[in-house]
Amino acid sequence: MRVIYAEEIVTVVRGMCIDVCCNLPTDVKKAITKAFEKEESELGKYSLHKIIKNFEIAERDVVPICQDTGMVVAFVEMGNEVLIEGSLLDDAINEGVRRGYEEGYLRKSVVLDPVFNRKNTNDNTPAIVHIKMVAGDKLKIKLLPKGAGSENMGSVKMLMPSDGLEGIKNFVVDTVKMAGSNPCPPIIVGVGIGGTMEKCALLSKEALARDVSIRNANEKYAKLEEELLSDINKLGIGPQGFGGRVTALAVNIETYPTHIAMLPVAVNINCHVARHKEVVL
């Protein structure tokens, strides 16, 4: 059994929060730069130029890429040979988030109650923590601070199996079309297919943690990702909604087995500030 002390997790998560809010991941930076080279719309190209300048300044000056530093989503893979000492894993992650957002001067956006007491918690906790048990003696933490502008544009639909591939395509493209400029394109589109209502929603969020240059390991789903990306970019929404060829940088699909009478599909959209960071302890 390998012992990992809670304070180590706190320290790591604190640093991840500051880093991920101020430094755009390399895969996203490359995708945006490539989009700038491909975009033909004058306004679209201008918007992408400003986006590039923004993430360069944020990295140089260690300031947030976007004022909405999001609600932290943590995907944790915990080895079955790992023992956490000092506190519960959830508590350690939340303490790391608290320190990161306070000491990094990041905006706190979490309210205590969704309806009756929308009072700010003042430290951006609690985070949304998903824990999966895996084999081994490692602890993997992925952080995705998710802003509201893009998160609000997500959707879940319980399709029927008879709706098939075309039903999936229509739902994904229509969701992006209805979102328009709201999620600050160019966007990354996470798609979850299968499982149940809550599982497909979780899959769509997990899809956003994948490097935008990596396609689904299944050739059929990889082809579907490319087809959906093409269809979305034909919408002409363009960078920041000003029109152009590049509405989305990537479409990432994750799937799970489902019931014979169901075809659940979820779409989770990320803005161009597609923050994600992974650390293995």
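**Helix packing, ring contacts and backbone features**

In H6, Leu 165, Lys 169, Val 172, Val 173 and Val 176 meet Leu 224, Glu 227, Leu 228, Asp 231 and Ile 232 of H8. By class, this contact of H6 with H8 holds 7 nonpolar and 3 charged residues, and no polar ones. The model is a predicted one. H8 covers residues 219-233, and its axis comes within 10 Å of that of H6. The two axes cross at roughly 40°. H6 and H8 are therefore oblique to each other. The crossing of H6 past H8 is right-handed.

Helix H2 spans residues 26-38, and helix H3 spans residues 42-61. Their axes come within 9 Å and cross at roughly 150°. Angles over 145 degrees count as roughly antiparallel, so H2 is roughly antiparallel to H3. H2 passes H3 in a left-handed crossing. On the H2 side, the contact is made by Lys 29, Ile 32, Thr 33, Ala 35, Phe 36 and Glu 37. H3 contributes Lys 45, Leu 48, His 49, Ile 51, Ile 52, Phe 55 and Glu 59. These residues of the contact of H2 with H3 divide into 7 nonpolar, 2 polar and 4 charged.

Two members of the H2 and H3 contact, Phe 36 and Lys 45, also form a charge-over-ring arrangement. Lys 45 lies over the face of Phe 36, at 4.2 Å from the ring centre. Another such arrangement involves Lys 199 and Tyr 256. Here Lys 199 lies over the face of the Tyr 256 ring, 4.6 Å from its centre. Pairs of aromatic rings number 0 in the structure.

Backbone geometry was examined next. Thr 125 and Pro 126 are joined by a cis peptide bond, with omega about 5°. Pro 126 lies in the loop between helix H4 (89-103) and strand E4 (128-134). Tyr 105 is also placed in the loop between H4 and E4. Phi of Tyr 105 is near 55°, a positive value in a residue other than glycine.

Pro 186 is found in the loop between helix H6 (164-179) and strand E7 (187-195). This loop involves H6, the helix that meets H8 in the contact described above.

Methods. Residues are numbered from 1 along each chain as its sequence is written. This is a predicted model: local features need pLDDT of at least 70, side-chain atom pairs count only at pLDDT 80 or more; totals for chains, interfaces and linings use all residues. Side-chain values use heavy atoms; hydrogens and water are left out. Axes are lines fitted to C-alpha atoms, for helices over the stretch in contact, and angles run from 0 to 180 degrees between N-to-C directions. Helices (H or I, at least four residues) and strands (E, at least two) are DSSP runs, numbered from the N terminus. Angles under 35 degrees count as roughly parallel, over 145 as roughly antiparallel, 65 to 115 as roughly perpendicular and the rest as oblique. A crossing is left-handed if the near helix is turned anticlockwise from the far one by less than a right angle, and right-handed if clockwise. Contact means heavy atoms within 4.5 Å. Ala, Val, Leu, Ile, Met, Phe, Trp, Tyr, Cys and Pro count as nonpolar, Asp, Glu, Lys and Arg as charged, and the others, Gly among them, as polar. Rings of Phe, Tyr and Trp (its six-membered ring) pair if their centres lie within 6.5 Å; planes under 30 degrees apart count as stacked, over 60 as edge-to-face and the rest as tilted. A charge sits over a ring if NZ of Lys or CZ of Arg is within 6 Å of the ring centre and within 35 degrees of the ring normal.
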